[in-house]
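Me: Please go through the interfaces and local features of the structure shown below, in the form of questions and answers.

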Amino acid sequence: MSVRITIDGKVVEAQEGEALIDVAADNGVYIPSLCYVRGKPCLGTCRVCSVRVNDSVMASCTVPVTDGMEVKVNEPEVTDMRKALVELLFVEGNHNCPSCEKSGRCELQAVGYEVDMMVSRFPYRFPVRKRDHVSKHIFLERDRCIFCQRCVEFIRDKESGQKIFSIDDRGTKASIEIDVELADKMPPEQVREASDLCPVGCIIEKGRGYDEPIGQRKFEIQSVRERALMGDEK
Amino acid sequence: MSRKLVIDPVTKVEGHGKVTVHLDDNNRVVDAKLHVVEFRGFEKFVQGHPFWEAPMLLQRICGICFVSHHLCGAKALDDMVGVGLGSGIEILPTAEKVRRLGHYAQQLQSHSTAYFYCVVPEMLFGMDAPPEQRNILGLVEADPELVKRVVALRKWGQEVIKTVFGKRMHGINSVPGGVNKNISTTERDRLLNGEDGLLSIDKVIKYAQDGLNIFHEFHEKNRKEVDSFAEVPALNMSLVDDDGNVDYYHGKMRIIDKDKTIVAEMDYHDYLDHFSEATEEWSYMKFPFLKDLGREAGSVRVGPLARVNVTKAYSASTPLAKAALERFHDYTKGKANDMTLHTNWARAIEILHSAELIKELLKDPDLQKDQLVMSPPEGAWTGEGVGVVEAPRGTLLHHYRACEEGNITFANLVVATTQNNTVMNRTVRSVAEDYLGGKAEITEGMMNAIEVGIRAYDPCLSCATHAMGQMPLVVSVFDSEGVLVDERVR
Amino acid sequence: MHQQIQSILSLYHCDKTRLIDMLWDVQKLHGYIGDEAVGLLSDGLNMSPLDIRETISFYHFFITRPSGRHQVYLCDSVIARMNGYEDVRAALEQEVGCAFGEVNDTNIFGLFDTNCIGLSDQEPAMMVDDVVFTNLTAAKVKDIIGQLKQGKTAGEVANSAGKDRRDVAYVNSLVSDNIRERGEVFFKPGLDYKAILRGCLNKIPSEIIEIVSSSNLRGRGGAGFPTGLKWRLCGEAEGTEKYIICNADEGEPGTFKDRVLLTRSPKDVLLGMVIAAYAIGSRVGIIYLRTEYRYLKDYLEQQLQEFREDGLLGNKILDTEFDFDIRIQMGAGAYICGDETALIESCEGKRGTPRVKPPYPIQKGYLGQPTCVNNVETFASVCRILEKGSDWFKGMGTDESTGTRLLSVSGDCERPGIFEIEWGVTLNHVLEMVGAKDPMAVQISGPSGECVSVAKDGERQICYSDLSCNGSFMIFDKSRNLVDMIKSFMTFFVHESCGICVPCRAGGVDLLHKVELLLAGRACQKDLDDIVSWGALMRATSRCGLGTTAPRPLLTTMEKFPELYQQIIVQSKGPLLPSFDLEEALQGHEKAYKTLVPEEVK
Amino acid sequence: MSTTTKNEVASHELKATPMDPSVQAARDEKIQVAMIGLCGCWGCTLSFLDMDENLLVLLEKVNITRSSLTDIKRIPHRCAIGFVEGGVANEENIETLEHFRENCDVLISVGACAVWGGVPAMRNDVSLEDCLKEAYIASPTAVPQAKLTIPYHEDIPRITTKVYPCHEVVKMDYFIPGCPPDGATIFKVLDDLVNGREFDLPASMNRYD
């Protein structure tokens, strides 16, 4: 069923039940996100796509549009909230862009630029997190994990359907884990898929170091905003 | 009354240094020291990171000679994956030449920065000129045309670096076994011919020559003062090729004495057999020396002065630099030159040398070839690598080990400025005695003389304080029967 | 081991949604859940071992390595700390011979911290294995540990008379009910459950829903959603099966009224569930019981059994075509499972992570089917509404908050315990009733509620439209340091955050850090401003109620007691920020030097 | 490190050759800027030079006082702008940062190290004791049988327990991320401030690596 909603004052048409974040993108309004992957089930973990929907703040990936919905994306208060959430992610882990292989291909970094983050308003924590380098093809650089859970939900063993990535413990003690036995069976293209799906440099393909020159990387050619508005799946 | 004089901080250098001079009741210099007051710790925290990220991380040691660190790391990784120089399966010519191009460009811009921004103002205004004046601001006021040329020269060097590494600073080009991009003809032509305000290579060479002439003229006018300023004896070390000529990218480590007799020569992989480093409570920078000769006799000098002392000659393909080097060699009649301020002379020669090397290299069609990475064959992995280059400030060495899973387990870095620590301290002492000794009234300008001595080494105190150490590892060698035949801590 | 795990697997038909039950069975058998057991379970369930670990590691009471024959969990709550917690803690360490978080040398005891265990009216209290000990003192601890050392089981120590675990007398021997004031709705003896249910079954489901709707009964868990409406939506939702869940995960610090209801009037609750099941068309019900109340499990099973025997549960209830039965699902230690979607996830054997909404449980809940989750007290109220009618119920309370509510009162008062009040009474009225002397503040609805000032809010009414209350009522007199209390609450939220969303997982830590700065005397006005803005961020953007309410203790005390905060903030002296700990920053080098270079070398 | 004893004299306190008054007067009319590198790699200061020709444009309006490019060791008079590179890793860094905060109207954190500690802050997951031990005691090039020594002396500043971003030590007004920020980015910010425009770094110029 076709419905009409307003986004930042502009009336747009959409199909009822479509995710708000997609409707916005299709109508030229960029809403950043770090967990949502278009076409896949909503994870709702990062909250970076928060917008104002009829007076309450909601993560737009979790909102199915309904007729008459009034949405504010680029309103100062909620814009600052999105920025604050990105800033939280930067202090929560160790996001050392200068030495990270994913730099230029990293969604967290690219979204940081889009929300105009210069520094985090929250104290930098420098958590101590152990790296996991035991599996054959994947180096798990936990310092950079933002717990988006994309890998947990979307990467499964082809044969058994079992989880390859999982979360251990909860809250601040949570850590991303990798099942070595299953990971070692991953075909190369699945390893690449996992590493590309990871919005940060947490899942990195072993030995794949800096094969793309600076200036030629995904978000150096096009900003994450441009890519999202073009309907890029991530 | 006894006095303690301090310079805090030492300026117009990279990094944090401080000088203390103790004078007794009779104004005699009792003690003079250069303290390095900074400590960072790369060798420790690189551990656990994936090995292919090491050259990216470790180049953050230094903002001015990051290319050296990057390449040094890359060479160590070549070794580690089994395609290092001398392994028989070496990186491809395009990769080596692209790396060299970046390396020479860095030498050009690093030396230019040190020379024109820090040294030249002191030559033109005098070392006791007002502190507000003897710098690039003073130069802008006195000779804006010169500053424009200096800016253009440095810019050109940086643009070569950007072409190779993607950024002017802390870029990436080298990967284990090669490079990730070559140089297109458009990029090449831009650098050769110059456009949008960029110099042409010939202008670069011309400005480099002019820069050298500034030293020549200054030297003509102040021969006595320049030559007698901190003449400090030391051994000289440089990487050289098989002909005994300097090779900034690769070679064996050669150490010569005053008579240019070779006192030591080694494959850099064996550096641990030759060098020790002492620690003092009063400085974060360590004091390396040749084990065989001991700390006093075995301290070496590295950098431009050491290299021009060690090298036999330059190639005929760099004619202007070749002539300049010959003039330099003639001045000390075949002996090694220990005159501290002549380091600036050597530096100016090397600017010219780099410019000519780049011109030669830019014309090499290998730069445009697209076979960039040599993949290591099955089983080539060694898990350990040592890399060495001649950084602008001297011989730089990186040494890593990684486990099979791919993370760094050990890193050791021996940087040029550290090598110069003892010699710099000797220089400080020498200048202090000459300029301050016996003087009742001491002026700022006299103190600056000490800094002038330090600046000659263009010390990168940032580089020198990367140290945080490394895991000791016992290497045990067993014979075929399983009997322990050798054990040493590396 | 192999055989034991196999039999556990087959007991639950290798159904991975029963993973939590299987893990409890394993832990009961071995004392902990080891790698081998995880491996066997993973084979049987076609899950990777780490997938199983996802669930295990989420819950506080699952143990993955040997942790002593007796596991002692001492409650560390604000109320416990007001009642001698420190002495008891010290006594435990002394008697057991190890520190908290450790296992003693003889591997007999493991000492652990735990949050509120629903005994705020009789703190200090601790769980030891499957029983609890209350009103602890150092002497009492010495006695208990002494007996355990002699080889008695915890059950034998707590229940020395050897009462049957299925009997209410057993529960009484462990904990007190402390019912102080009774009202019209709860704890009525001698109800004729058969008659009430028969009355219901004579009506069609929609009539039941209409009665509940017209009573204006609202969910007693705290959010106050109209119960009748929830049932109607759930009844109308499409699904192959529908589920009724009783939320007995009473985790809000300071509340314990569900424990008392389940002890005193368990059948009121069960009947409420049966009525709900009939109303929405459900055949399966679940009571999700928090681990902290596991000493109630056998007793509740007995109540279920009696209901079955009386024809009130099971097939053909009261000889109609209506089938319905209830199972008890044990939780495993996670406050977040009080959230209905987290609770459903937990019932399915998974981590208790709140779901993304929509869809709501009434549309897609347990096993993807329409599910109605209600609080213990809600079900008990339903039982009485269907007995006495909605007008009777509406006659109590206010227009929008009908009926009565149970308060779990604790803290600085003479009579801590359970009070049944009519909605609409004032705060002062309650304080007088419970014998509070010199009260300064009341934390209403636990940490997730609000902190009110007795001076400013005394005449406010306890009702949904004014001072909403989920049952937790903690009183602080004028001698208490509220900021200390706030720190405890913030620590609680950080500990209990499931971590799925950024604002709650990361933001809570930063708010806690601010409270620590305040207590250390290193906070300034900027820090207070940050708290307000960061708190607003968490409130607006968190995924579930835990994150949205976590900043409330801090925000509401700042609003009600601004002078407390103004007193402890400092002004910058010079350019250094007060929050920068210069001393800490500078002492590391000297310490390292002293350790590394021995005196004789210098 | 700044325990000035009675008979200790710093070089910048000694009599220096005075500037030509007219040149100094021309400089005094400009906007005063001080620059410092704390714990970093000096790359941001060099990136400042990477503004190339714009350096001359900037210097028409700006005078640089204390800086590692000059020999002015302390900020001589109030400055409009303080340019701070590097994070805080030792006692001297703290004191220098205080000196800058007290003497500059606006302080800018330039580069990753100043903004969040940068690469040196990677030592924050190791204890300082372990760091020092491995650097000076357990090093493979340590001198055998030498006296046990780690640097700790009145003439060198104490190392801080951890590495801190500047704004966690004193208030910082603006931030330019990057390792390092480009010369053009630094120019944009300074040019805006010098010409009375608001700080405004567009997303296209913002970078963290």
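Me: How far apart are the closest N and O atoms of the salt bridge between D:Asp50 and B:Arg154?
Reply: A salt bridge is a side-chain nitrogen of Lys or Arg within 4 Å of a carboxyl oxygen of Asp or Glu. D:Asp50 forms such a bridge with B:Arg154, and the distance between their closest N and O atoms is 2.8 Å.

Me: On what basis are residues numbered and values computed?
Reply: This is a predicted model, in which local features need pLDDT of at least 70 and side-chain atom pairs count only at pLDDT 80 or more, while totals for chains, interfaces and linings use all residues. Residues are numbered from 1 along each chain as its sequence is written, chains are lettered from A and ligands numbered from 1 in the order in which they are written, and side-chain values use heavy atoms, with hydrogens and water left out.

Me: How many salt bridges are there between chain D and chain B?
Reply: The contact (heavy atoms within 4.5 Å) takes 78 residues from chain D and 93 residues from chain B. Polar contacts are also present, with 39 residue pairs (both at pLDDT 80 or more) across this interface; such a contact is a pair of N or O atoms within 3.5 Å, where within protein one must be able to donate a hydrogen and the other to accept it, and residues adjacent in sequence count only if both atoms are side-chain atoms. The count of salt bridges between chain D and chain B is 14.

Me: Which helix gives the most residues to the side of chain D that touches chain B?
Reply: Helices (H or I, at least four residues) and strands (E, at least two) are DSSP runs, numbered from the N terminus. Among the elements of chain D that each supply at least two residues to this side are helix H1 (21-28), helix H4 (91-103) and helix H6 (128-136). The most, five residues, comes from H6(D).

Me: What area is buried between chain D and chain B?
Reply: Buried area is the accessible area (1.4 Å probe) that two parts lose on being put together, summed over both. Carbon and sulfur atoms give 59% of the area buried between chain D and chain B. In chain D, D:Asp71, D:Pro140 and D:Thr141 lose the most area to chain B, together 10% of what that side buries. The area buried between the two chains is about 7200 Å².

Me: Which three residues of chain A lose the most area to chain D?
Reply: The contact of these chains takes 21 residues from each of chain A and chain D, and about 1900 Å² is buried between them, 62% of it on carbon and sulfur atoms. The three residues in question together account for 38% of what the side of chain A buries, and they are A:Tyr113, A:Met118 and A:Phe126.

Me: What distance separates the centres of domain 1 and domain 2 of chain A?
Reply: The assignment for chain A, with bounds from an automatic or database domain assignment, gives domain 1 (2-73) and domain 2 (88-211). Twelve residues of domain 1 are in contact with 15 residues of domain 2. Taken over C-alpha atoms, the centres of the two domains are separated by 26 Å.

Me: Which residues of domain 1 of chain A supply 52% of the area that it buries against domain 2 of chain A?
Reply: The two domains of chain A bury about 1000 Å² between them, 74% of it on carbon and sulfur atoms. More than any other three residues, the suppliers of that 52% on the side of domain 1 are A:Leu34, A:Lys40 and A:Leu43.

Me: Which residue pairs with B:Asp458 in a salt bridge?
Reply: B:Asp458 lies in the loop between helix H17 (444-456) and helix H18 (461-464) of chain B, and its partner is 65 residues away, in the loop between strand S12 (384-391) and strand S13 (394-402). B:Asp458 also has a positive phi of about 45° although it is not a glycine. At 3.1 Å, N to O, its salt-bridge partner is B:Arg393.

Me: Where is B:Pro9 found?
Reply: The peptide bond from B:Asp8 to B:Pro9 is cis, with omega near 0°. The position of B:Pro9 is the loop between strand S1 (3-7) and strand S2 (17-23) of chain B.
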